[in-house]
Amino acid sequence: MASVDIRSVTKRFGSVQVLHGVDVDIDDGEFVVLVGPSGCGKSTLLRMIAGLENITSGEIRIGPRVVNNVAPKERDIAMVFQNYALYPHMTVYDNMAFSLMLAGAPKDRIQQEVNRAAGILGLGQFLGRYPRQLSGGQRQRVAMGRAIVRNPQVFLFDEPLSNLDAKLRVQMRAEIKDLHQRLKVTTVYVTHDQIEAMTMADKIVAMSDGNVEQIGSPLDLYDHPTNLFVASFIGSPAMNLLKGEISGDQFRTEGGAMLPLPKSMGSGPAVYGIRPEYIHLSPDKGIEARVHLVEPMGSETQVSVRVGETPLVCTFRERVNAKPGEAIRIMPDRALAHVFDAEKGNRISIN
Amino acid sequence: MALTTATAIDQVAVRTRRPNALARLFDNKLFLIFVCLTPAVGLLAVFLSYPLGLGIWLAFTDTTIGRRGVWIGLENFEYLLSDPLWWNAVFYSVLYTGVATIGKFALGFWLALLLNQHLPFKSMLRAIVLLPWIVPTVLSAIAFWWIYDPQFSIISYLLVDVLGWRETNIDFLGNPWSARFSLIAANIWRGIPFVAISLLAGLQTISPSLYEAAMLDGATPWQRFRHITLPMMMPILAIVMTFSIIFTFSDFQLVYAITRGGPVNSTHLLATLAFQRGIASGELAEGAAIAVSMIPFLVFATLFSYFGLGRRKWQQGSDNE
């Protein structure tokens, strides 16, 4: 196992710069998720760690070794691809044995390693099958088995769950996390799904447009997003972000609603952020809001409302019987509201 | 009241049913199959089955030009078996097909692998590669005729006058063995584009991530070719090879335009021999018999490449996607 250090790494494809100086420290045994919308450079960064893309400038270390000019196979890493990249003409056994066979390992050791991996992943009965004859989840497991067999220093996952259906995705998510807890191998996992990032990561690296926006634990990013991008990207349903002006301890939205601030902050334009679940029903002293849409989910109820002309999404633990057009009274939890700089989008520290 | 409504509905039903008779006929699957297939079957029968049938029938008669033949059974084939020229043509057809196929596939596959790389002017290079195939065969045959000319050959010119490696011109088409291999070389030149472009299409269906996965698994370029490219290409290789063998074995134009089977009948393929016997000498039945004698070879070659290289176990079963 090894740490991975990424130092001011940039990447250029011709005249297009896709990574603008990225710094990430990944500790030994850590599960790090690179998350961001498509095109943010997260997959490129992963492929640079793997050695499938050149590093334009900067430095990547795996353990103590700088790997900028080290061939992929020498890096002691294993990668799981989005489309699994299983060799279709080989059985599950041969797929998993391939790297050891190329390395010239003795037959009995290959067998022992493949059986170990198959045991971990519950693939024992499928060893003689071809990838075509497997379901999506089974193929996914074979791809992981191929990685496990090699006993690598680092596991790399490139959006491994995006080809699976929703139910299987949740199941495999748990399996991958469980696998990491058992094997304790440093893992770098790329996804565009913030729920995957939140549920799996020890540390999230949120990226957009080739920049790292924030690095931190999942709840850190959730509770203290450094800027508007992270605030809007992490969390589902997304944080309400409203443009407007600060005036004392109130915030006046462009739609005209007055929302409470944690403390008096002078005046000036800003963006107000409040997560849907931090807006509560408050029949006595709440702000009047017109119900627009009610989406009951059983455990909670998601209600879209308009305060004046300002749209807000609220999630209530209580069951709400309001119908569209009716009025309810709501109150944001002022202690949990965020204020962001209107121009740069950075969070203005309140506490 | 209820009764009248029911009758009204009946009448509506009857009224809507009657014009449907023709429409219903066209909805009938059997009828549709029959209607749609008739033109194709007709064309095939007239332009494919009839000439083929006539050719096979002629092979069992003693027809010559100007004389309607009678059925003589296998006599033509018995004669061919004792004819050294026929054996000669069989030998050269097999040699021609074998060597030319190996040459075309070795060079064509190599070219396809090159063209599959990221090269500058990639599409232009691909277009250029197709050129030998686009040029009419007779035209390229004439070009090769000049290249192989005993006096004006450019190869002899290069070797004798420019490089000074030889004292005399090479007589490419003047003696049997050099003529045989000269024709094979010309056939390879002509056949490479078909093989290269078909195999290139196959190469492009192989997912790049397989190569990346193999690279991470530690495969060298040769191992990637051996363990990924080659097995993945087997199905398409089988198809392309089947076609190539058929085209090469039944080749006529190139040989007939360059050597006409000479010198001393050493470069006759079965097709050129059949033409010479059947049309040039007027022995229609014997020519037909020679042509028919190609069929077993072609069937065998096709079966071999189809079953030898064809559908593999890993391609079978359903896609679970």
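**Chain A, overall view.** Among contacts (heavy atoms within 4.5 Å) in chain A between residues at least 6 apart in sequence, 64% link residues at least 24 apart. This is a predicted model, where local features need pLDDT of at least 70, side-chain atom pairs count only at pLDDT 80 or more, and totals for chains, interfaces and linings use all residues. Residues are numbered from 1 along each chain as its sequence is written, chains are lettered from A and ligands numbered from 1 in the order in which they are written, and side-chain values use heavy atoms, with hydrogens and water left out. Chain A has 8 helices and 21 strands; these are DSSP runs numbered from the N terminus, helices being H or I with at least four residues and strands E with at least two. Of its 351 residues, 52% are buried (under 20% relative accessible area, with exposed over 50% and partly exposed in between; 1.4 Å probe, protein chains only).

Ser208(A) counts as buried because its relative accessibility is 10%. Leaving out residues up to four places away in sequence, Ser208(A) touches Cys40(A), Glu213(A) and Phe229(A). With Glu213(A) there's a side-chain polar contact of 2.7 Å (a pair of N or O atoms within 3.5 Å; within protein, one must be able to donate a hydrogen and the other to accept it, and residues adjacent in sequence count only if both atoms are side-chain atoms).

Cys40(A) sits at 1% relative accessibility, so it's buried. Cys36(B) has 54%, so it counts as exposed. The structure holds 0 disulfides over all chains (cysteine sulfur pairs within 2.5 Å).

**Helix H10 of chain B and what it packs against.** H10(B) runs over residues 208-216, and its buried residues are Ser209(B), Leu210(B), Glu212(B), Ala213(B), Ala214(B) and Leu216(B). They pack against H1 (42-50), S6 (77-80), H2 (92-102) and H4 (136-149) of chain A, along with H11 of chain B. After H10(B) comes Gly218(B), with a positive phi near 100 degrees.

**Helices H9 and H11 of chain B, packed together.** H9(B) (residues 176-203) and H11(B) (residues 221-249) pack at about 145 degrees with axes 10 Å apart (lines fitted to C-alpha atoms, for helices over the stretch in contact; angles run from 0 to 180 degrees between N-to-C directions). Residues meeting here include Phe194(B) and Leu199(B) from H9(B), and Met233(B) and Phe243(B) from H11(B).
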